[in-house]
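Morning, everyone. Let me put a structure on the screen and walk you through two spots in it.

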Amino acid sequence: MAILARGGCRCDSNPVRFEYNKEPAEVHFCLCTDCTDTCGGALALIAVVERSAFTITAGEEKIRNIDTKPTCHRRYCADCGCHMFLYVDAFPDHLLIHVPTIDRDTDIGGEPDRWVFVNSKHPMVTIPDDGLPRHPGWAASGDPVQAA
Ligand SMILES: [Zn+2]
Ligand SMILES: [Zn+2]
């Protein structure tokens, strides 16, 4: 289904802006230490979007990269520090967008459908009893962990 989701960084002037026009392949909660430690958050909410459906529409010159792993390439705004999306070698045709950087009034084109890297969960976090599958790594890397 055709959608148009827009998002960007937190700059008041000349923000980075992006959009995509196809429903995400998946939307997951990520508990990996790479996401949590980079973002300072207890978890990350990620939309996995086809690279061919994604466009930077403004502020591209402000985007910087940091490789938090040799296989993980995270893009952030040089001015406000907002970490918006990342490229992971395991997903050569997709990029991973941090859903909170998508405009709140936009339809992102999907709902959370799984938890990934649950074995890396911070000890103070409790996963809600939401019935979604829980994976020890990427969803493709192992069988779902049985919900307690
Ligand atoms: Zn910015
Ligand atoms: Zn992660």
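Which residues do ring pairs link into a cluster? Phe18, Phe54, Phe85 and Tyr87. Keep in mind that this is a predicted model.

Let's take the rings step by step. Searching the whole structure turns up seven aromatic pairs. Start with phenylalanine 18 and phenylalanine 85. Their ring centres are 5.7 Å apart, and their planes sit at 80 degrees. Over 60 degrees counts as edge-to-face, so this pair is edge-to-face. Now look at where the two partners come from. Phenylalanine 18 is in strand β2, residues 17–22. Phenylalanine 85 is in strand β8, residues 83–88. That is 67 residues apart, so the pair links distant parts of the chain.

Phenylalanine 18 has 1% relative accessibility, so it counts as buried. Phenylalanine 85 has 2%, so it is buried too.

Phenylalanine 85 also forms an aromatic pair with tyrosine 87. Here the distance is 6.1 Å centre to centre, with 85 degrees between the planes. This pair is edge-to-face. Tyrosine 87 is buried, as is phenylalanine 85.

Which residues coordinate the zinc ion, ligand 2? Cys30, Cys32 and Cys35, each through its SG atom. The distances run from 2.1 to 2.3 Å. Along the chain, the donors follow the spacing C-x1-C-x2-C. Cysteine 30 and cysteine 32 are both buried.

That's the tour. Over to you.

Key. Residues are numbered from 1 along each chain as its sequence is written. Chains are lettered from A and ligands numbered from 1 in the order in which they are written. This is a predicted model: local features need pLDDT of at least 70, side-chain atom pairs count only at pLDDT 80 or more; totals for chains, interfaces and linings use all residues. Side-chain values use heavy atoms; hydrogens and water are left out. Donors are N, O and S atoms within 2.8 Å of the metal (3.2 Å for Na, K and Ca); water is not among the atoms, so sites may look incomplete. Buried means under 20% relative accessible area, exposed over 50%, partly exposed in between (1.4 Å probe, protein chains only). Rings of Phe, Tyr and Trp (its six-membered ring) pair if their centres lie within 6.5 Å; planes under 30 degrees apart count as stacked, over 60 as edge-to-face and the rest as tilted. Helices (H or I, at least four residues) and strands (E, at least two) are DSSP runs, numbered from the N terminus.
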